[in-house]
Amino acid sequence: MLSAVTGLGSIESTVAKNLPVVSIHQLGLCLSRASASVLNLNCSLILLPMCRTLLAYFRGSQKVPSRRTRRLLDKSRTFHITCGVTICIFSGVHVAAHLVNALNFSVSYSEDFVELNAARYRNEDPRKLLFTTVPGLTGVCMVVVLFLMITASTYAIRVSNYDIFWYTHNLFFVFYMLLMLHVSGGLLKYQTNLDTHPPGCINLNRTSSQNISLPEYFSEHFREPFPEEFSKPEEFTQNTFVKICMEEPRFQANFPQTWLWISGPLCLYCAERLYRYIRSNKPVTIISVISHPSDVMEIRMVKENFKARPGQYIILHCPSVSALENHPFTLTMCPTETKATFGVHLKIVGDWTERFRDLLLPPSSQDTEILPFIQSRNYPKLYIDGPFGSPFEESLNYEVSLCVAGGIGVTPFASILNTLLDDWKPYKLRRLYFIWVCRDIQSFRWFADLLCMLHNKFWQENRPDYVNIQLYLSQTDGIQKIIGEKYHALNSRLFIGRPRWKLLFDEIAKYNRGKTVGVFCCGPNSLSKTLHKLSNQNNSYGTRFEYNKESFS
Amino acid sequence: MGQIEWAMWANEQALASGLILITGGIVATAGRFTQWYFGAYSIVAGVFVCLLEYPRGKRKKGSTMERWGQKYMTSVVKLFGPLTRNYYVRAVLHLLLSVPAGFLLATILGTACLAIASGIYLLAAVRGEQWTPIEPKPRERPQIGGTIKQPPTNPPPRPPAEARKKPSDEEAAAAGGPPGGPQANPIPVTDEVV
């Protein structure tokens, strides 16, 4: 919406400044100038949502007190995509308009104002114009780079071959360098001596036929708008505003406005990348590697000066597995004041995680649960980048929260539960509904201990209704219907089949009348859509459900 | 890097290039530029490329997202057999199609984009990829009555099936019913109906 408004504004201002008669020349120029303004704005804004450390800082700092502003930060990826699509559309407009201009520059070469021409002689082939001038060549290269980036950024490619998307998207730096060169060509000029040579003045040394064709010349950015009468050559002889030219017009190139627009965000982004690189340069120390059922591996590690809030995620980089790939994982255990260990749970899905597991857990010992101490000396070097913010941090700031997890999506909530186990009093949260849906009963063992400890702790502190756990087993072909003999609390809260969301929402609404309940979901898209729809429905108890969404890809 | 399927990216690029060719062709013919017949060619070539590239090929591993309504074009493209399956053919075809559009300024971008797509298709062909159509999976009809073997022979209360089959295997009873054979009541039960 912002870009549309800016675009319209640019079009209006450009049209107002130029001659009121909009012939084909002016339309092409107006369109290209207006789309260039929109492109300026979007190219500068698109970098801002990608400054993730900055966004994580804003999310956690006291400077953003309102929850509504923090929810805006959740939409940063959507904003980035919107800006990208706008850049794509307006680049198309810009290119089409300039192709028309190139043709006109060569056809309507002006001998009077030689400096204004982009072509070097009349009827120069416009293709030569395109490829031999600096703006033309950089423009063509930018379109090719944009084409590569956009075709690799579609949803289908991101889901299937994320590598293509990642490597081509890093071409954005080339795009920005080309953009800086593109506007430095000096094609647009303004007149420096308007007082001595006002537009439309009569040059006494020239013939009258040349004077009549003056209004058709397309020099841009006149300081004063043209009076209406000058536009029509028939009335040329009748008006009385004509002045006499004192000297020849002099033109100077405009200062490239684009440099002002994009230098700020580009410097900010480069600074952030440098900061992240320096921060992640020290490898972590892996304390232990634990193998869990259903292809999940837990890694516990320590690092100096590493602070994270529950719900945040980190990016793992292991050069022994792959020199270029980075993968994000949510922290399942955050460092506290007493304990500096933090951990992640990884599901083995795909070649990077498989190779990583083979390095950490040699195949012979993958069946046992805890790795023997002897092998800890051979761990590969692991670097982490982060932590970065996510909407799940907000669950501790609601009085009542509903957290729904599907399968391995339980990891952000695990860090929340670990934090509550440590100390629940400093947070605003007073009641947590925790619903975990899994396909395989063994999956519940990833956090069965944590859930039981939490349950016992709240029983001891006489707050049994703080955490309400419901576990659902969505596929029922297994014979085994209990998680383990020692997990009494969880076995009695285990249901077979999928949850009935409407009933659940009604129950939560009834028990928390008039309150605002934060709904968090980490799981498949269909689950997320169902919960979003239910959260937006009204209920008769006056309870408001606020759905907080995380977008993954 | 070893597992990237380049054909999918080449497919997206070719589809986008087709659209760019159509747009450039429209601009060229509408503006009645000199040599506008190249513009007309570009529109036709663009439409052909779009139709050929619309059905997405199946990935080797994992599920593929279909484009909306692609099954109609899939049946047409499948008819040509090896011509459309082989990516070398597609690479050469795209390269040849892109050349005439390069003569006109309005369509020169379409040429560049289609040439890049042709190059990526060549890379995919060298790595041995092929276009396989996405077939709709046949719906499995639920077998009605398939799990009913035979009615139980004992009256209730009945121990679970595992205990009936292996009376010595007491751990198999997960539902926690009484183990062993027919119910042996510790207290004699009499019928007290008057």
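The model is a predicted one, and in it helix H14 (residues 411-422) of chain A lies across strand S6 (327-333) and S7 of chain A, running at about 30° to S6(A).

Both of these strands belong to an open sheet of six strands in chain A, whose order is S3-S4-S7-S6-S5-S8 and whose pairing is antiparallel. Strand S3 (285-292) and strand S8 (383-388) of chain A stand at its edges, and because each has a single partner strand, one side of each is left without a neighbour in the sheet. On average, neighbouring strands of this sheet are turned by 35° against each other when direction is ignored. Within the sheet, strand S4 (residues 296-302) and strand S7 (residues 342-347) of chain A pair in the antiparallel sense over six bridges, and A:Ile299 stands opposite A:Val344 in S7(A). Another helix, H3 (residues 52-60) of chain A, lies across strand S5 (313-317) and S8 of chain A, running at about 45° to S8(A).

Chain A also holds an open sheet of six strands with parallel pairing, in the order S12-S11-S10-S9-S13-S14. Strand S9 (residues 400-406) and strand S13 (residues 516-522) of chain A pair in the parallel sense over six bridges, with A:Ser401 standing opposite A:Gly518 in S13(A). Helix H15 (residues 448-460) of chain A lies across strand S10 (431-438) and strand S11 (467-473) of chain A, and runs at about 150° to S11(A).

What remains is the contact between the chains, which takes 25 residues from chain B and 27 residues from chain A. The area buried between chain B and chain A is about 2,300 Å², of which carbon and sulfur atoms give 78%. Across this interface the rule finds zero salt bridges, while three residue pairs, both residues at pLDDT 80 or more, are in polar contact between chain B and chain A. On the side of chain B that touches chain A, helix H1 (6-30) and helix H6 (108-126) of chain B each supply at least two residues, and H1(B) gives the most, with eight residues. By class, that side of chain B has 17 nonpolar, four polar and four charged residues.

Definitions and conventions:
Residues numbered from 1 in each chain as written. Chains lettered and ligands numbered in written order. Predicted model: local features only at pLDDT ≥ 70, side-chain atom pairs only at ≥ 80, totals over all residues. Heavy atoms only, no water. Pairing = 2+ DSSP bridges. Helix = DSSP H or I, 4+ residues; strand = E, 2+ residues; numbered from the N terminus. Contact = heavy atoms within 4.5 Å. Axes fitted to C-alpha atoms, helices over the stretch in contact; angles between N-to-C directions. Buried area = accessible area lost by both parts, 1.4 Å probe. Salt bridge = Lys/Arg side-chain N within 4 Å of Asp/Glu carboxyl O. Polar contact = N/O pair within 3.5 Å; in protein donor to acceptor, adjacent residues only side chain to side chain. Nonpolar A, V, L, I, M, F, W, Y, C, P; charged D, E, K, R; others polar.
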